[in-house]
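Me: I am new to this structure. Please show it to me, and then let me ask where the labels come from.

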Amino acid sequence: MPRKRIKQLEEQLANQLIEDLRQACAAKDEAAHGPALWRIAALLIRTEGACRPLIHALAWSHIDLFTTVAVSAAIECWQWLISARPDLEFCFLQEMSSAW
């Protein structure tokens, strides 16, 4: 598959995952929130470069759904992301500092 097409598909998937997370937060649905976060973290780990919208969604999700379960899931995803992709640490910390 051509590289350009792969990038398009990754962008579409990123947009869908961000929307899934947004809907979970809007509905205050902890059961949907966790899996949405894990999928975003997985896509960030798997793709090359830094997808700022995904990093933003991951860093800010706990603002929209501030519960013990949601914050715990977010922290676990943050730890996984930074350990698997240390090259994203600076970008992630920029978003994290903005969120707090």
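Me: Let's start with Arg39. Where is Arg39 found?

Reply: Arg39 is found in helix α2. Helices here are DSSP runs of H or I with at least four residues, strands are E runs of at least two, and both are numbered from the N terminus. One caution on origin: this is a predicted model, where local features need pLDDT of at least 70, side-chain atom pairs count only at pLDDT 80 or more, and totals for chains, interfaces and linings use all residues. Residues are numbered from 1 along each chain as its sequence is written, and side-chain values use heavy atoms, with hydrogens and water left out.

Me: What makes Arg39 partly exposed?

Reply: Its relative accessible area is 48%. Buried means under 20%, exposed means over 50%, and partly exposed lies in between (1.4 Å probe, protein chains only). Arg39 therefore counts as partly exposed.

Me: How far is Arg39 from Thr68, in sequence and in space?

Reply: They are 29 residues apart in sequence and 20 Å apart in space, C-alpha to C-alpha.

Me: Why does Lys28 count as exposed?

Reply: Lys28 has 54% relative accessibility, so it counts as exposed. Lys28 sits in the loop between α1 and α2. Its phi is near 55°, a positive value in a residue other than glycine.

Me: Which residues of α1 are buried, and what do they pack against?

Reply: The buried residues are Glu10, Ala14, Leu17, Leu21, Ala24 and Cys25. They pack against α2 (30-46) and α3.

Me: Why is α1 called roughly parallel to α3?

Reply: Helix α1 (residues 3-26) and helix α3 (residues 52-64) pack at an angle of about 5°, with axes 11 Å apart. Axes are lines fitted to C-alpha atoms, for helices over the stretch in contact, and angles run from 0 to 180 degrees between N-to-C directions. Under 35 degrees is roughly parallel, over 145 roughly antiparallel, 65 to 115 roughly perpendicular, and the rest oblique. So α1 is roughly parallel to α3.

Me: Which residues meet there?

Reply: Ala14, Ile18, Leu21 and Cys25 in α1 meet Pro53, Leu54, Ala57, Ser61 and Asp64 in α3. Contact means heavy atoms within 4.5 Å. By class, there are seven nonpolar, one polar and one charged residues. Ala, Val, Leu, Ile, Met, Phe, Trp, Tyr, Cys and Pro count as nonpolar, Asp, Glu, Lys and Arg as charged, and the others, Gly among them, as polar.

Me: What makes α4 roughly antiparallel to α5?

Reply: Helix α4 (residues 68-84) and helix α5 (residues 89-99) pack at about 150°, with axes 9 Å apart. That angle makes the pair roughly antiparallel. Trp78, Leu81 and Ile82 of α4 touch Glu89, Phe92 and Met96 of α5. These divide into five nonpolar, no polar and one charged.

Me: How many helices and strands does the protein have?

Reply: There are five helices and zero strands.

Me: Why is the protein called as compact as a globular protein of that length?

Reply: Its radius of gyration is 13 Å, close to the 13 Å that the globule rule gives for 100 residues, so the label holds. The radius is taken over C-alpha atoms, and the rule is 2.2 Å times the number of residues to the power 0.38.
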